[in-house]
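Hi,

Here is the structure I promised to pass on. Have a look, and then read on for my notes.

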Amino acid sequence: MDAAFAKKRKLEQCDGEGKAQGGSHFVAEEENQPNHTSLMFGIKEGIGSLARTLKLFESLKVNLVHIESRPSRRSKDAYEFLVTCDRGPEDLTEVIKELKSISVYVHLLSRTNSDNSANGVSSSVPWFPRKVKDLDRFANQILSYGSELASDHPGFTDEVYRARRKEFADIAFHYKHGQPIPKVTYTEEEIKTWGKIFDKLTTLYPTHACREFNHIFPLLVENCGFRHDNVPQLEDISNFLRDCTGFSLRPVAGLLSSRDFLAGLAFRVFHSTQYIRHGSKPMYTPEPDVCHELLGHVPLFADPAFAQFSQELGLASLGAPDDFIVKLATCYWFTVEFGLCKQDGEVRAYGAGLLSSFGELQYCLTEKPDKRPFDPAITAETKYPICEFQPTYFVANSFEDAKEKMRSYAATIPRPFSVRYDPFTQSVVVLDKKEQLKDMINVMQGDLNILRDALQKVS
């Protein structure tokens, strides 16, 4: 479930005539899971080196609940280990001290980037997924589940609706990477609610949505069953996106933290809801639903430039300090959720919060709001309201331009490494050693040779 990422704030967009609210997601940063801490360290190859390391944990009465290893990419002739302990960071001072004496390097991986100097670790990096299947580790660390609705939610007193919401949440809760997304049989009432929203919004898209959106939407109609009398299935859409840009959908049972949601984008994975808003107020939702996800977000994930821009946001978040997570989340809010762009001398909408809101999609292109050029450094510091139409929007010259600006901004994030996504293994490579950079240059040289050969044949 995506978000404008804020400290546990609930979306309560004003419900009024003509305001088909998009329900942009708001999430809260979660606390570290108590008594669970991950450590990454490298040890030189040698007879008995692993046994001695494990003995260290045993002697200090620290239980390991997870362990994995691989050849180290940071140091030759070393192996890298990732272990999860059943202790909090404050209880691992002695373990880290001893590890440093026998290891090439030690990193404490926490869910936050607080100062861990007391633990004797040279650098503290918030934990982040390295492989796409690692998303399973936090996918269910959500803020609310199933039928847990606020008292002012339109479906709060509707027991049938609450039970239905729990059905959807259970599907997501049991989902694991690599499985097909279970298909849902939507009720007649749910399809009717979808149809009302679909019919209203599709009248505005030709004149209000960006060119890329209007190019892709008919393809979704043709390939994924986008029509007023049918709620499309996440599995069908995910397969379509995967063929277009490598993006995929993953069902989610509730609100994720901003750090976790952005991490999904780094792997071109979008966490999506499957439930639909309460039928009593089809033009209003207090949280993102399948209408917001499919009508607002999905189309542009099939556009290569927008997909790359979204992934850049996600990659920038991996291992970033907490204050930069807030800044990246704000950039997400003003782009992926409420972004505008210039096309053919006019301004058009590309943000999902706009494209799924009948009222704000009209409002955003009027002279009422302030429109500013997109600049991540400025955008990241801009405050925004959450229960009214936006007073300020940021306008991108193009998705390519926005992507390059985000890359430049990401370079200012203080972290002791860079990251690169490997689409072949669906993993993130941490670049912090010269050997890795040399390997990357070799790959790039191979690509350049292919490009040079192709240019010669074309000419």
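In what order do the 4 strands of the open sheet come? They run 11-10-13-12, and the pairing is mixed. Two strands count as paired if DSSP finds at least two bridges between them. Strands here are DSSP runs of E with at least two residues, helices are runs of H or I with at least four, and both are numbered from the N terminus.

Before the rest, a word on the source. This is a predicted model, so to speak of local features I need pLDDT of at least 70, and side-chain atom pairs count only at pLDDT 80 or more, while totals for chains, interfaces and linings use all residues. Residues are numbered from 1 along each chain as its sequence is written, and side-chain values use heavy atoms, with hydrogens and water left out.

Strand 12 and strand 13 (residues 392–396) run parallel and are joined by 4 bridges. Opposite proline 373 you'll find valine 395 of strand 13.

Aspartate 344 has a positive phi, near 55°, without being a glycine. Its loop links strand 10 (340–343) and strand 11 (346–349). Aspartate 344 is exposed, at 69% relative accessible area (buried means under 20%, exposed over 50%, partly exposed in between, with a 1.4 Å probe and protein chains only). Glutamine 426, in the loop between strand 14 (418–422) and strand 15 (427–431), also isn't a glycine and has a positive phi of about 50°. Glutamine 426 is partly exposed, with a relative accessible area of 32%.

Histidine 278 is another loop residue, between strand 9 (269–272) and helix 9 (290–301), but it is buried at 12% relative accessible area. Its side chain makes a polar contact of 2.9 Å with that of aspartate 158 (a pair of N or O atoms within 3.5 Å; within protein, one must be able to donate a hydrogen and the other to accept it, and residues adjacent in sequence count only if both atoms are side-chain atoms).

What about the inside? The largest nonpolar core has 89 residues, and Tyr205, Phe226, Leu241 and Leu295 have the most contacts inside it. Helix 11 (residues 322–337) gives the most to this core, with 8 residues. A second, separate core of 17 residues includes Ala266, Phe267, Leu315 and Leu318. A core here is a set of buried Ala, Val, Leu, Ile, Met, Phe, Trp, Tyr and Cys residues joined through side-chain atoms within 4.5 Å.

Last, helix 10 (residues 304–317), which holds alanine 307. Of its 14 residues, 13 are buried, so helix 10 is largely enclosed by the rest of the structure. Alanine 307 is itself buried, at 0% relative accessibility. Leaving aside neighbours within four places in sequence, alanine 307 is in contact (heavy atoms within 4.5 Å) with Thr245, Phe247, Arg268, Leu300 and Phe301. Just after helix 10, glycine 319 takes a positive phi of about 75°.

Cheers
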